[in-house]
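Take a slow look at the model below. The notes after it walk through a handful of local features, one at a time.

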Amino acid sequence: MLESMMKTKLFAWVDRRTGAEAIIKSQLTEYPAPKNLNWMWVFGAIAMTVLVLQIVTGIFLAMYYKPSAMETLGGFSVAFDSVERIMRDVNFGWLLRYTHAVGASMFFLVVYIHMGRGMYYGSYKEPRELIWIMGVVILLIMQGAAFFGYLLPWGQMSFWGATVITNLFGAIPVLGDLIGQLLMGGFSVGDPTLNRFFSLHYLFPLLLVAIVAGHIHALHTVHSNNPDGIDLDQSDPNNVVMFHPYVTMKDAFAVSLFMMLYMYIVFFNPQMGGYFIEVDNYVPANNLQTPAHIAPVWYLTPWYTILRSFEVKLVGIAAMGASLAILFVFPFLDRSKVRSARYRPMYRGMVILFFIDVIVLGYCGHTATTETLKVVGQIATFYYFAFFIGLLFLPKIEKTKPLPEGV
Amino acid sequence: MTEQTDHSRRNFLYVAAGGLGAVAGGAAAIPFLGSMLPAADTLAAATTEFDVSTVVEGQLVVIVWQGKPVFITNRSDEMLTRLDGHDDNLKDVNSEAIEAVQAEWMDTPEKRKTRSINPRYLVVVASCTHLGCIPLYKPSAGRAEWGDSVPSDWVGGWHCPCHGSFYDLSARVINGSPAPHNLHVMPYKFISDSVVLIG
Ligand code: HEM
Ligand code: FES
């Protein structure tokens, strides 16, 4: 189809003015992809699909959503009522909102798997360090976007979640007060906060689009890693297949499967037992009463546990910042020449334990703290950092297995 | 021609132009960031009046001052006696750590302990000094009423549900809490026997 389209006169006209043919060839039909990519390589395409869906559903939600904390006659607020109106009165409003709210969780799920893939197969290593680093920037912006978005329905969790996080930034020495006021536009979370969060919530995903473009551009410069983590001769047909149609078809198939799961959740279980949309968020925000148990949405809970693991507030905040910042230097901590965990027995154990560790951290952050869970959280926090520090020494003791010649 | 290019002059111009450009760019950021700071009407310091005699003995009320919640409690004599005996277990017994936890009128050891002008009525900002949740009022001592949500040697006070900070009945933070400071006090005065003016 693409072939015959490219033979038309119209295409020739466009091509002379844009160089479209060269782009299509270099990026799709003649762009080589390793032959042995497994299913872990489909999550990038899925993440892009979710990003587009979030932007589209968001734009339509914004046609009805009203960012105002002003009280209404019913005793709620303009923002809370507008979301309820989307749910009850707007045609297909419930579908838009659930697709968007569930989409936030699916986005993180997919991106976490995508990152795990990179860690396991060594995709963060030379020459792909910048791709990884841009990925970490994407993660941070996603977290920001989700944090801003979560305030918008102006429910109890929205309000108190935002209060806790803005106070967190407010506790940074010297600049804290200023940052807190810049975020809140006042001395506590209120109407000005809601307005600016809506503005930033609209902006951040658009920033994501630009950074994702850079992420892909860098990838297409150095080419994909592969499950064996070896360098491939990109012009040898024994190693590679053309991106289109081989990879595009595989990605499209994976996206279809993913959409079935995603839409199943949207239609049948959108709250996901309080994990995707927290129950307390159906209670309108009340600045005089903190809910009995507040926890962030699941995708932020690992970092929340790290924050809570320290008794001194500033240390907790510093540790949480460090746990994200360390992802930036991750490619430089690990000096081993071998990429894939398939050929690194010790790294393989460490990284699998790391994945389990993050899940444990997430669990601890979601549940009300008890003495035992606090200790479990502290041990998990310790391993989180020990994993990265351990990488500094690993190449000295690890015996890697011999790498295959080709694929 | 090229041999005649004056490189040092050219470099100077580059640096000067680039530097001024950077300064201009920085200056242009000021109105943008400035617009995000609290607006004049938000800043306009409102005051709140409240008649403390409406608070029943032993009870707590939460009122709003400048959009922030404020605790007012009426402490019985029995409750005031429970301010003693656990000094070792407090992070900042005399409220000296930072400015926000003390006030000019705290001029006697007694007032440092009760943290109030009239010992019965405690008036403090209701935001946990950890990350700003509103602590729950758990005034009776021991675990009888509160179960294991409070420590076994509980003296009565506040429990913050968010990350488990504890405060005594003078809102002084108890050791082991993630909150670093006692609850903040704000300026207030009695304008009659029972009416306080907050702010
Ligand atoms: C990175 C992509 C995005 C993420 C992760 C994200 C996340 C979220 C989250 C978590 C909520 C709260 C959901 C709820 O409990 O109801 C939300 C609400 C909202 N978002 Fe987004 N969002 C994204 C993109 C966008 C875009 C591009 C727009 C366009 C303006 C948008 C507009 C809205 C609106 C109007 C609401 C309030 C309605 C509601 O609560 O459902 N979002 N978003
Ligand atoms: S906000 Fe009170 S303990 Fe964290």
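Predicted model: local features only at pLDDT ≥ 70, side-chain atom pairs only at ≥ 80, totals over all residues.

## A histidine and its neighbours

Contact here means heavy atoms within 4.5 Å.

Where does A:His223 sit in chain A? You'll find A:His223 in the loop between helix 10 (191-222) and strand 2 (240-242) of chain A. Since buried means under 20% relative accessible area, A:His223 counts as buried at 18%.

## Two helices that cross

Two packed helices are described by the angle between their axes and the distance between the axes. For a case in chain A, look at helix 7 (residues 129-151) and helix 8 (residues 156-170): their axes come within 8 Å and cross at roughly 135 degrees. That angle makes helix 7 of chain A oblique to helix 8 of chain A.

Which residues make the contact? Helix 7 of chain A brings A:Phe147, A:Tyr150 and A:Leu151, while helix 8 of chain A brings A:Met157, A:Ser158, A:Phe159, A:Gly161, A:Ala162 and A:Ile165. Sort the residues of this contact between helix 7 and helix 8 of chain A by type and you get 7 nonpolar, 2 polar and no charged.

## The disulfide in chain B

Over all chains, the structure holds 1 disulfide. B:Cys133 and B:Cys162 are the partners, with 2.0 Å from S to S. This pair links distant parts of the chain, 29 residues apart. B:Cys133 is in the loop between strand 4 (121-125) and strand 5 (136-138) of chain B, and B:Cys162 is in the loop between strand 6 (157-159) and strand 7 (166-168) of chain B. The link of B:Cys133 and B:Cys162 is left-handed, with -95 degrees about the S-S bond.

Are these two cysteines buried or exposed? B:Cys133 counts as buried at 1% relative accessibility, and B:Cys162 is buried as well, with a relative accessible area of 2%. Two other cysteines are worth a glance: B:Cys128 is buried with a relative accessible area of 5%, and B:Cys160 counts as buried at 2% relative accessibility.

Strands of a sheet pair through backbone hydrogen bonds, either parallel or antiparallel. In chain B, 3 strands form an open sheet in the order 1-9-8, and the pairing is antiparallel. Strand 1 (48-51) and strand 8 (188-190) of chain B stand at the edges with a single partner strand each, so one side of each has no neighbour in the sheet. On average, neighbouring strands of this sheet are turned by 20 degrees against each other, direction ignored.

Zoom in on strand 1 of chain B, which pairs with strand 9 (residues 195-198) of chain B in the antiparallel sense over 4 bridges. B:Phe50 stands opposite B:Val196 in strand 9 of chain B, and B:Asp51 stands opposite B:Val195 in strand 9 of chain B. In a regular strand the side chains alternate between the two faces of the sheet. For strand 1 of chain B, one face is covered, with B:Thr48 and B:Phe50, and the other is uncovered, with B:Glu49 and B:Asp51.

Most residues other than glycine have a negative phi, and most peptide bonds are trans. Which peptide bonds are cis here? One runs from A:Glu126 to A:Pro127, with omega near 0 degrees, and another from A:His244 to A:Pro245, with omega near 10 degrees. A:Pro127 is found in the loop between helix 6 (93-120) and helix 7 of chain A, whereas A:Pro245 is in helix 11 (residues 243-268) of chain A.

Then there's phi. A:Val174 isn't a glycine, yet has a positive phi of about 65 degrees; B:Arg115 isn't a glycine either and has a positive phi of about 55 degrees. A:Val174 lies in the loop between helix 8 and helix 9 (176-184) of chain A, and at 82% relative accessibility A:Val174 counts as exposed. B:Arg115 lies in the loop between helix 4 (109-114) and strand 4 of chain B, but at 0% relative accessibility B:Arg115 counts as buried.

How values were computed: Residues numbered from 1 in each chain as written. Chains lettered and ligands numbered in written order. Heavy atoms only, no water. Disulfide = S-S within 2.5 Å. Helix = DSSP H or I, 4+ residues; strand = E, 2+ residues; numbered from the N terminus. Buried < 20%, exposed > 50% of the residue type's maximum accessible area, 1.4 Å probe, protein only. Axes fitted to C-alpha atoms, helices over the stretch in contact; angles between N-to-C directions. Parallel < 35°, antiparallel > 145°, perpendicular 65-115°, else oblique. Nonpolar A, V, L, I, M, F, W, Y, C, P; charged D, E, K, R; others polar. Pairing = 2+ DSSP bridges.
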